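The stops below go from the whole chain to single residues.

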Amino acid sequence: MDILSAPHILAIGESLVDILHRPDRPDDVVETSGGSPANTAMTLGRLGRPIVLETWLGRDERGRTVAEHFRDSHVYIPLESFGATRTTTATATLNERGAATYTFDIEWAPRTPIPVSPHAQIVHAGSISAVIQPGGPAILDALHRAHDQAIVTYDPNIRPDIMGSPEESIDTILDFVRAADIVKVSDEDIAWLTNDAPLDEVVSDWLGLGPSLVIVTRGSKGAMARSVSGMQCAATPADIPVVDTVGAGDSFTGGIIDALWGLGLVGADAREALRTLDEATAMKILTRASRISDITVSRAGANPPWLSELSESELND
């Protein structure tokens, strides 16, 4: 059966090639496939969820490499996503301390309107592609059109190197917050966006804009969730060795969506259940997402777990 003709998850956003330059090895250049929405889609594909990625790739060698990378994790990429003149790259240069500075060569001009199949039950968007022209407004339009049929999730996943200043980005990001049922955001993103405003105040303000649930990741402090009805809970990460944090936030977002799918919290009919979510169910969502993220940080790169590495019973315990 065609995936678009059955209930599925739709992720919209950039997929790209990360190009890594190391100062101590100038001739050793490493290219890997990435992109925040694409990594979230990869997480869901590996967990056996039906996932479609609307993205924007070139019909070049890099585009073919990126597509193969995500298709190997069971992500469906429509042929119409291959309309870019070149595949987007993000060149990272590490300094002596290991900190990276990024230079982006990005093309994000997807087909418009971005199609939303009537069978899409969850629609996810976020990061760079949501805030740049000309494609950003097309994503917001797709989320608005999806509202009557799907749960909408959003992850700002701030990238200051391309998003500019907080003042340049905040209005657009808040438009996406208004369109979402669930916002997943890191405490670092909130601090950058709001000039270190108190976290609790920002979460309260965002819940007042329309989302049913705001989930905040806080690094080693774990994640917290708060609903518009006042429910609040928190989960702590496992005590595991961290190899790196590449893709950790994207896999956490994938874990949230995976949990929603496993718990049957899909489609517009689930919106009221999200608004009145009880603590036990919220903890299942956080625990699932944390477990998936923990595995990702325990190994190098954006390498989320496969379903065989997890227990489906975690959602039902």
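Start with the surface: the protein chain exposes about 13,400 Å², and carbon and sulfur atoms supply 50% of that area. Accessible areas come from the Shrake-Rupley method with a 1.4 Å probe, and for residues only the protein chains shown count as cover. This is a predicted model, in which local features need pLDDT of at least 70, side-chain atom pairs count only at pLDDT 80 or more, and totals for chains, interfaces and linings use all residues. Residues are numbered from 1 along each chain as its sequence is written, and side-chain values use heavy atoms, with hydrogens and water left out.

Colour by charge next. The protein chain carries 24 positive and 45 negative side chains, counting Lys and Arg as positive and Asp and Glu as negative, without His or the chain ends. The centres of the two sets lie 3 Å apart, with each charge placed at NZ of Lys, CZ of Arg, CG of Asp or CD of Glu.

Now return to the cartoon. The protein chain has 10 helices and 13 strands; these are DSSP runs numbered from the N terminus, helices being H or I of at least four residues and strands E of at least two. The radius of gyration is 18 Å, close to the 20 Å of the globule rule for 317 residues, so the chain is as compact as a globular protein of that length. That radius is taken over C-alpha atoms, and the rule is 2.2 Å times the number of residues to the power 0.38. Along its principal axes the C-alpha trace spans about 55 × 45 × 45 Å.

Of the 317 residues, 52% are buried. Buried means under 20% relative accessible area, exposed over 50%, and partly exposed in between (1.4 Å probe, protein chains only). Among contacts with a separation of 6 or more, 72% are between residues 24 or more positions apart; a contact is heavy atoms within 4.5 Å.

**The sheet**

Select the nine strands of the open sheet, in the order S5-S4-S1-S8-S9-S10-S11-S12-S13; their pairing is mixed. Strands count as paired if DSSP finds at least two bridges between them. At the edges are strand S5 (75–76) and strand S13 (232–235), each pairing on one side only.

Move to strand S8 (residues 120–126). How many of its seven residues are buried? Seven of the seven are, so S8 is largely enclosed by the rest of the structure. On one side, strand S1 (residues 8–12) pairs with S8 in the parallel sense over five bridges; show Ala11, whose bridge partner in S8 is His124. S8 also pairs with S9, again parallel and over five bridges, and here Gly126 has Asp155 in S9 as its bridge partner.

Step on to strand S9 (residues 151–155), which runs parallel to strand S10 (residues 182–186) and is joined to S10 by two bridges. Thr153 stands opposite Ile182 in S10.

**Loops around S8**

Select Ser127, in the loop between S8 and H3. Ser127 is buried at 1% relative accessible area, and its phi is near 65°, positive in a residue other than glycine. In the loop between S8 and helix H3 (136–146), also find Pro134, joined to Gln133 by a cis peptide bond with omega of about 0°.

Another cis peptide bond, with omega of about -5°, joins Thr112 and Pro113. Pro113 lies in the loop between strand S7 (100–105) and S8.

**Three further residues**

Go to His74, in the loop between helix H2 (61–71) and S5. Its phi is near 70°, a positive value in a residue other than glycine. Is His74 buried or exposed? His74 is exposed, with a relative accessible area of 52%.

Then select Leu47, in the loop between helix H1 (36–46) and strand S4 (51–54). Leu47 is buried, at 2% relative accessible area. Apart from neighbours within four places in sequence, Leu47 is in contact with Asp258, Ile292, Pro305, Trp306, Leu307 and Leu310.

Finish at Glu279 in helix H10 (residues 279–297). Glu279 counts as partly exposed, at 46% relative accessibility. Not counting residues up to four places away in sequence, Glu279 touches Met231, Gln232 and Cys233. Draw a distance to Arg226, 53 residues away along the chain: the C-alpha atoms of Glu279 and Arg226 are separated by 9.4 Å.
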